[in-house]
Structures are given as structure tokens and as C-alpha cells.
Amino acid sequence: MTLDLEKVERLKGRMSEFIQQLQNEICTGLEALDGSARFREDAWERAGGGGGRSRVLEGGTVLEKAGVNISVVHGQLEEAFASRLQGEGLHFWAGGLSLVLHPRNPHVPTVHANFRFIHQGSKAWFGGGADLTPYYLYDEDAVHFHRTLKAACDQHDPSYYPKFKSTCDKYFYLRHREECRGIGGLFFEDLGGADLERELAFVMDAGRAFLPAYLPIAERRKHTPYTEPQRFWQEVRRGRYVEFNLVYDRGTVFGLETKGRTESILMSLPPQVRWLYDHHPVPGTEEARLLEVLRHPRDWAAGGQEG
């Protein structure tokens with residue numbers, strides 16, 4: 001399939017405009033959720049070409065740390081890394097939005113989302129998704145998150161949700177722990193490229209679904225009382241989040257290998273975290289229940305059946 005370069009250039013412009021708008025919408029929604037803190041903005045330039053706009057909120061009432069970043073970068077890749085991507089050659093263009101939210105209250109889940117468009121040689125592709133990482137599992141929250149994302153998928157192709165949900169469960173998996181990072185969502189790394197216009201329309205709808213998927217959960221849980229042991233468990237689980245992002249996450253690797261802004265790339269890491277030697281939750285507790293679900297993913301869109 002021959003790539004229509006004029007179309008790709010138009011799509012780059014539309015994707016760049018979309019992620020700027022989405023960043024504004026999400027940051028406005030998150031500041032309203034938190035009620036006290038505001039995002040700090042840093043505009044940056046990449047030496048090899050392009051740049052971005054990082055927005056980070058710290059020390060909020062609800063959000064202990066939140067980052068919502070956009071970037072549009074281009075230039076030359078190192079040959080060893082270029083061969084690991086889907087396209088060909090050393091020249092690339094990549095535009096995307098990435099966010100990670102770390103709430104203060106352990107009853108409010110951490111969440112991640114990413115939406116991107118990449119062009120390398122004769123290949124251009126969209127990728128992204130969103131996934132939820134609870135510390136205390138509320139089935140109705142998991143069902144809401146997945147059904148909202150499924151609705152966005154179903155507008156475009158009924159096969160998308162089951163395929164991308166399965167890919168998400170497989171991708172956000174810590175092999176050395178034999179457990180998933182969270183309870184999943186969507187993950188896709190190439191929609192086929194047959195109709196990039198339609199693919200962009202899907203990515204836009206998936207991006208716009210983020211706030212409706214997450215905000216109701218955070219609003220519902222943000223005033224739930226919590227104990228020091230529950231906060232302790234949250235910090236233990238945050239350690240798993242760090243392990244995944246530094247060992248497996250392709251986005252982290254891509255950002256570092258393309259010489260992106262290190263502070264923006266590592267904004268995904270939580271502010272407080274702990275590792276304990278050979279720590280196991282007490283059997284029969286909510287902590288143990290969460291771990292069991294992370295080891296056996298469920299079909300949340302169907303109400304939480306075992307997948």
C-alpha cells in the first residue's frame with residue numbers, strides 16, 4: 001500500500017491541533033476535580049526538531065501528582081532504534097498526548113492515557129489507549145471505565161473493544177511479577193493504515209472519552225475516608241507502576257531514545273512509593289482480592305466476569 005504523503009501531512013496538522021485542544025479540555029476538567037491546585041506549564045524545544053508543552057500539577061487536594069503532556073517531534077533516529085519501529089529509514093515524525101494521574105486518596109485509582117500518530121518512511125500509524133490502576137477495587141468503577149471506552153470503540157468498529165482490551169491486558173503485564181499493572185482498558189499500536197482518516201476519527205473519539213470514563217469515578221471516591229495502612233498499600237502498589245514504566249513501557253523507551261525532554265517523560269512516576277522485601281497482603285483482605293484480579297483479568301464491560 002502506497003502512502004499518500006499529502007494526506008499524511010494534513011493528518012499531522014489535524015492531530016497536532018487535536019492534542020492541543022484535548023490537553024486544554026483535560027486540564028480544565030482535572031483542575032475542577034481537584035478544586036485547589038493548578039497545572040504548571042513548561043514549553044520546551046527538542047534539539048533534533050520539534051518540541052512540546054508539558055503541564056504538571058503537584059500537591060493538590062485530590063491529585064497528588066498529575067501530568068498531561070503533548071509533543072510534536074521530528075528528525076533523525078539512531079539506526080539501532082529505528083529498526084525496532086514499524087516503519088523504515090531514520091527520519092520520523094511523532095505527535096501525541098500522554099497523561100498519568102496519581103491521586104492522593106488510595107480509593108481513587110491511578111489512570112494513564114496516550115494517543116499518538118507516528119510517521120516513519122513509508123509507514124504512518126496511530127496508537128494509544130487508556131488504562132485504570134486501582135489500589136482498592138470497586139467493581140462498578142471498573143465496569144464504568146470499560147463500558148465508556150467500549151462505547152467509544154463501538155461507534156467505529158464493534159471488533160475494536162474486545163481486541164484492544166485483550167491487547168491492553170497483555171501489554172500492561174509485569175512478567176517478573178506475573179500480574180497486570182491494573183485492570184486494563186484499551187491499547188492499540190496500529191489500526192492497519194487502510195484508512196487513516198477513519199483511524200484519526202476513532203483516536204479523537206477515544207481521546208474525548210477519557211474524561212467521561214475517569215471523572216465520575218474520581219468524584220465518587222475522592223472523599224472516601226482512608227487509613228494509614230491503606231495509604232501504605234497504595235505506595236507498595238505504586239512500586240509496581242514504577243517497575244512497569246521503567247522496565248517495559250514502550251513510550252518511555254521511545255521518548256528517551258528520541259532524546260525527548262527527560263522531565264516530561266518521567267513525569268509518569270509517582271511522588272511517593274515504597275518497595276518492601278517479599279511483601280504479601282493478608283489472605284481474605286481487599287488488598288488480596290485486588291491482587292487476585294490482577295492475576296486473572298476480567299471482562300469488565302460484561303459486568304466483571306472472569307476473562
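Trainee: Which residues line the largest cavity?

Mentor: In this predicted model, they are Lys165, Asp169, Cys180, Gly182, Ile183, Val293, Leu294, Pro297, Arg298 and Trp300. Each counts as lining because it has an atom within 4 Å of a cavity point. Helix H4 (160-171) and helix H10 (286-295) each give at least two residues to that lining.

Trainee: Why is this space called a cavity?

Mentor: Because a 1.4 Å probe fits there but cannot get out. The volume is about 60 Å³, and the whole structure has two cavities of 30 Å³ or more.

Trainee: What lines the second largest cavity?

Mentor: That space is about 50 Å³, and its lining includes Pro109, Leu132, Tyr136 and Ile183. By class, there are eight nonpolar residues, no polar ones and one charged. Asp141 is in that lining, and Asp counts as charged, so Asp141 is the charged one.

Trainee: And the packing? Which residues touch the most other members of the largest nonpolar core?

Mentor: Leu30, Leu99, Leu101, Phe202 and Phe210, out of 68 residues. Helix H1 (residues 5-34) supplies the largest share of this core, 10 residues.

Trainee: How do you know that Leu30 is in contact with Leu101?

Mentor: Contact needs heavy atoms within 4.5 Å, so the pair meets that cut-off. Leu30 also contacts Phe39, Leu63, Val68 and Leu215.

Definitions and conventions: Residues numbered from 1 in each chain as written. Predicted model: local features only at pLDDT ≥ 70, side-chain atom pairs only at ≥ 80, totals over all residues. Heavy atoms only, no water. 1 Å grid on protein atoms, 1.4 Å probe; cavity = no way out; pocket = protein on both sides within 12 Å on 5 of 7 lines; lining within 4 Å. Points joined across faces, edges and corners; volume = space filled by probe spheres on them. Helix = DSSP H or I, 4+ residues; strand = E, 2+ residues; numbered from the N terminus. Core = buried A, V, L, I, M, F, W, Y, C linked by side-chain atoms within 4.5 Å. Buried < 20%, exposed > 50% of the residue type's maximum accessible area, 1.4 Å probe, protein only. Lists of a residue's contacts leave out its neighbours within four places in sequence.
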